[in-house]
Amino acid sequence: MSVQQEIVEKLKELNPKAILLSELQNALIGFAKHFADGESNFYAVYDFEKLIFELKNKFQLSRTEAIEYYDFNIADGSGSFYPIILYKE
C-alpha cells in the first residue's frame with residue numbers, strides 16, 4: 001500500500017465525506033483538521049508543486065497551462081470541494 005493510499009484510508013475513517021482528487025492522488029501529502037463555525041472536520045492536503053507536476057503529465061500541459069487549469073478547476077473552490085493546498089518556498 002502506498003503512502004497516499006494509507007492517507008486516503010485514514011482520511012475515510014476520519015471524514016467519510018472527504019472529497020479527494022483521485023486522479024491526482026500522487027499530490028496528496030496528508031490531511032488536516034479544519035475548525036469553522038464551532039465545528040471541525042478533516043480534509044485532504046495537497047502539495048501545490050506536486051499538483052502542478054501531475055496536471056502537466058496528465059494533460060500534457062506547460063507549467064503555465066497547468067497553473068491556469070489549477071486556478072480554474074481546483075483553487076476556485078467551486079462546488080463542494082475546497083482544497084487545502086500546501087505551498088512551500
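Predicted model: local features only at pLDDT ≥ 70, side-chain atom pairs only at ≥ 80, totals over all residues.

Visitor: Which residue forms a salt bridge with Asp-47?

Guide: That's Lys-88, with the closest N and O atoms 2.9 Å apart. This pair links distant parts of the chain: Asp-47 belongs to strand S2 and Lys-88 to the segment after strand S3, 41 residues apart. Asp-47 is buried, with a relative accessible area of 3%, but Lys-88 is exposed, at 61%.

Visitor: And where are Glu-49 and Arg-63?

Guide: Glu-49 is in helix H2 and Arg-63 is in helix H3, so their pairing ties together parts 14 residues apart in sequence. Their closest N and O atoms are 3.0 Å apart.

Visitor: What about Glu-54: is it buried or exposed?

Guide: Glu-54, in helix H2, is buried yet has no salt bridge. The nearest side chain of opposite charge is Lys-58, 8.4 Å away. Leaving aside neighbours within four places in sequence, Glu-54 is in contact with Leu-24, Asn-26 and Ala-27.

Visitor: Now, how should I read a nonpolar core?

Guide: As a general idea, nonpolar side chains in soluble globular proteins tend to be buried together. In this model, the largest nonpolar core has 19 residues, and Tyr-46, Leu-51, Leu-55 and Tyr-70 touch the most other members. Helices H1, H2 and H3 and strand S2 each give two or more residues to this core. The largest share, four residues, comes from H2.

Visitor: Last one: what can I learn from the backbone angle phi?

Guide: Most residues other than glycine have a negative phi. Asp-37 has a positive phi of about 50° although it isn't a glycine. You'll find Asp-37 in the loop between strands S1 and S2, where it counts as exposed at 81% relative accessibility. Gln-60, also not a glycine, has a positive phi of about 55°. Gln-60 lies in the loop between H2 and H3, and its relative accessible area of 67% makes it exposed.

Note on methods
Residues numbered from 1 in each chain as written. Heavy atoms only, no water. Core = buried A, V, L, I, M, F, W, Y, C linked by side-chain atoms within 4.5 Å. Buried < 20%, exposed > 50% of the residue type's maximum accessible area, 1.4 Å probe, protein only. Lys, Arg positive; Asp, Glu negative; His and termini not counted. Salt bridge = Lys/Arg side-chain N within 4 Å of Asp/Glu carboxyl O. Contact = heavy atoms within 4.5 Å.
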